[in-house]
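Reader: I would like to go through the assignments in this model and hear the grounds for each.

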Amino acid sequence: MTTYIIRRLLLVPVILFGVTILIFGMLQFLDPVERVSMYIRDTPKSDAQIEALITKYGLDKPIYVQYWKWLVGDVDPITNVRSGGILFGDFGYSRTNSQPVADLIKNRFPNTLDLTLWAIGPVIFVGIWLGIQAAVRHNKPFDQMARIFSIIGTSLPTFVFGLLVLMLFYANLGWFPPGRVSDEFSKIISSAEFTNYTKLLSIDSLLNGRFDIFLDVMKHMVLPILTLSYISWATFLRVTRSSMLETLRMEYVTTARAKGLSERDVIHKHARPNAMLPVTTLAGFSIVGLLGGVVITETVFNYPGIGATAARSAAQLDVITVLGFTLFTGLILVVSNVIVDVLYAFIDPRVRLS
Amino acid sequence: MSNYLLDVQGLETTFKTPDGVLHAVNGVSFGLKEGETLGVVGESGCGKSVTMLSVLGLIPSPPGEIKAGKAMFFGHDLVKMTNAEIRQVRGAQIGMVFQDPMTSLNPVLTIGRQLEEPLMLHVGMNKKQASERAAELLEMVGIPNAKDRLSDYPHQFSGGMRQRVMIAMALSCSPQLLIADEPTTALDVTIQAQIMDLVKRLRNELGMAIIWISHDLGVVAGLAQRVIVMYGGLIIEEASVNDLYANPTHPYTIGLLGSLPRVDAKERTKLYSIEGSPPVLYNKPTACPFAPRCKWAMERCWKENPALETVSPEHRVACWVDTKTGRAR
Ligand SMILES: Nc1ncnc2c1ncn2[C@@H]1O[C@H](COP(=O)(O)OP(=O)(O)OP(=O)(O)O)[C@@H](O)[C@H]1O
Ligand SMILES: [Mg+2]
């Protein structure tokens with residue numbers, strides 16, 4: 001088990017190296033003048049100034065030199081101050097947001113994390129639970145309902161579902177507001193009396209003992225959570241259901257019944273752990289889907305997370321910001337896939353012990 | 001009252017399929033005395049497994065349904081039992097071993113855990129007692145270093161060893177009856193022989209009755225006292241082992257024995273095999289289901305289904321033809 005985890009972890013830097021190469025490759029589609037904007041804030045006054053900057057940042061050097069420089073930046077020989085270097089967290093400067101990309105991520109990511117964590121809960125537990133129940137009640141009304149539900153879910157794009165939900169609950173019924181938090185609370189949150197423990201508003205509001213803020217935050221998040229999780233719910237339901245149906249036909253399930261175990265134990269102790277294997281693999285893939293959903297959901301609900309920010313920057317041709325977010329998203333994907341792999345090994349002894 | 005341990009009468013089981021209702025078992029009756037070993041033979045698809053699964057209430061429903069019949073075990077009808085009642089029988093009084101040891105053990109649970117389960121459920125042992133007993137059981141079926149191997153998973157065992165584990169599991173609560181559904185079919189010949197020896201030894205030590213399903217008459221001959229031959233969801237011949245091999249009477253049995261390679265064959269005889277394949281029945285058979293493949297078939301065989309008739313003591317056959325003379329019985 002430990003060697004398996006170590007092997008997985010050793011792979012992380014290798015994959016990340018590949019990710020940086022890929023992104024750096026994309027950067028090369030820009031000409032040096034565009035790339036210079038990674039490093040500067042103000043628009044240079046003359047062509048000569050730009051040329052000077054290009055030479056200063058080595059944007060006319062061979063690619064591998066530039067790549068290395070992009071990775072580690074460089075140190076000013078006089079002041080000993082390092083500038084640039086994605087390895088040191090410098091993703092460049094966001095023109096459209098007037099702040100370094102790294103700061104932008106730091107500000108916006110907690111909002112996205114807040115949303116996705118709340119969305120993952122229902123996805124995993126409700127989706128899987130529904131899938132198991134549907135499989136156990138194969139071809140009964142419950143199963144039919146679940147199937148209709150999952151067909152609608154997998155065929156309705158996030159943006160359509162999101163807009164429908166927005167129209168119904170926000171515009172027509174006026175039950176839920178868009179955005180992050182009501183104005184009255186947003187002042188309190190930025191004031192000194194409110195401590196940011198985790199930067200996740202829903203959790204911080206509870207930690208601060210402000211249940212009223214928590215309710216307000218959740219009211220703002222309910223629709224995005226619903227939208228973001230709906231497609232994944234449906235997918236998890238479908239995969240869990242079919243995997244469970246297949247498992248229930250396996251001979252070892254009959255063995256378990258032949259031992260005299262109750263149907264409950266047969267389902268939950270013998271069949272379910274096996275049925276979870278394909279679902280775990282799916283979890284790895286669906287993180288990608290979830291991140292795609294984040295962009296759409298946040299944009300539809302005007303929710304200030306990294307997804308909406310990246311979409312807006314892209315619309316304004318702010319390449320540097322988009323690349324910074326891409327790199328960051330790549331990092332999240334790699335890390336979460338390692339977690340999924342470890343999880344898989346944890347439930348499947350054939351992987352763990354081989 | 002019968003003096004049988006298990007007394008099955010008129011068992012009928014069907015499956016709803018997209019092509020119609022499949023009649024898998026069409027009125028099977030047999031009895032089994034305490035400590036007796038009964039062989040059940042027949043080609044693939046003739047209803048051997050479904051008969052035994054019906055007895056244990058393990059037919060998936062839907063699509064399966066037991067239409068008629070009873071299976072008396074210690075004065076109670078297994079067919080009529082509620083789920084809760086029959087669970088007290090499964091694993092405790094009747095143990096079952098399946099054909100493919102590669103798929104009949106749960107791949108994500110340890111061998112120990114799977115062995116302990118019935119002990120904790122039926123015998124009321126706690127975890128520690130069950131684990132000690134599980135090690136003894138593994139030792140009993142001839143697995144070395146039993147204690148250390150409890151924490152292993154099925155994929156760390158070979159096929160033969162897994163089948164030993166299955167046997168240990170089926171016998172863990174000292175059942176009066178062991179049902180083995182082609183337990184050696186998936187194993188190679190040397191391992192097959194080892195498993196047979198193991199079962200013979202355990203039968204002597206524990207004295208349980210055995211129902212041994214196989215489509216290999218040779219395997220059954222070495223183990224059983226009595227044999228039933230099934231065809232088309234029916235029993236078509238029943239006799240003691242010696243009688244059956246000496247005087248096979250039903251054309252199907254004769255065919256089966258003919259297709260058995262014999263070591264003592266005088267000359268190189270061509271291996272006989274029955275032409276055609278067993279029927280898939282979408283109606284309850286009204287004629288003899290074997291008639292289409294039978295070289296003795298007469299007019300009557302196509303119109304009426306023969307019932308089991310006693311032809312000599314302890315020897316029953318369902319056939320209109322006297323295969324010794326080739327004329328109607
Ligand atoms: N779950 C099921 N659904 C539909 N039909 C089934 C099911 N189980 C068995 N059958 C059918 O019932 C008939 C008898 O099958 P059974 O498994 O009892 O044969 P068998 O004698 O055990 O053969 P084998 O030697 O291959 O194990 C077959 O035609 C089979 O297709
Ligand atoms: Mg079978």
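Reader: What makes the pair A:Asp341 and A:Arg8 a salt bridge?

Author: In this predicted model, the side chains of A:Asp341 and A:Arg8 come to 2.5 Å, N to O. The cut-off is 4 Å between a side-chain nitrogen of Lys or Arg and a carboxyl oxygen of Asp or Glu, so the pair qualifies.

Reader: Which parts of chain A does this pair tie together?

Author: A:Asp341 belongs to helix H14 (residues 319–347) and A:Arg8 to helix H1 (residues 2–27), so the bridge links parts 333 residues apart in sequence.

Reader: Why is A:Asp341 called partly exposed?

Author: Its relative accessibility is 24%. Buried requires under 20% and exposed over 50%, so A:Asp341 falls in between. A:Arg8, at 26%, is partly exposed by the rule as well.

Reader: How do you know whether A:Arg180 and A:Asp114 are buried or exposed?

Author: A:Arg180 has a relative accessible area of 9%, and A:Asp114 has 1%. Both values are under 20%, so both residues count as buried. Their side chains meet in a salt bridge at 2.7 Å, N to O. A:Arg180 sits in the loop between helix H7 (158–172) and helix H8 (183–190), and A:Asp114 in helix H5 (residues 101–136), so this pair ties together parts 66 residues apart in sequence.

Reader: Why are B:Lys303 and B:Glu299 called exposed?

Author: The relative accessible area is 55% for B:Lys303 and 59% for B:Glu299. Each is over 50%, so each is exposed. The two side chains form a salt bridge with N and O 2.8 Å apart. Elsewhere, B:Glu36, B:Arg226, B:Glu238 and B:Arg316 are joined into one network by salt bridges that share partners.

Reader: Which element gives the largest share of the side of chain A that touches chain B?

Author: H11(A), with 6 residues. By class, that side has 7 nonpolar, 6 polar and 7 charged residues.

Reader: How much area do chain A and chain B bury between them?

Author: About 2100 Å², with 62% of it on carbon and sulfur atoms. A:Glu251, A:Ala258 and A:Lys259 supply 28% of the area that chain A buries against chain B, more than any other three residues.

How values were computed
Residues are numbered from 1 along each chain as its sequence is written. Chains are lettered from A and ligands numbered from 1 in the order in which they are written. This is a predicted model: local features need pLDDT of at least 70, side-chain atom pairs count only at pLDDT 80 or more; totals for chains, interfaces and linings use all residues. Side-chain values use heavy atoms; hydrogens and water are left out. Helices (H or I, at least four residues) and strands (E, at least two) are DSSP runs, numbered from the N terminus. Buried means under 20% relative accessible area, exposed over 50%, partly exposed in between (1.4 Å probe, protein chains only). Buried area is the accessible area (1.4 Å probe) that two parts lose on being put together, summed over both. Ala, Val, Leu, Ile, Met, Phe, Trp, Tyr, Cys and Pro count as nonpolar, Asp, Glu, Lys and Arg as charged, and the others, Gly among them, as polar.
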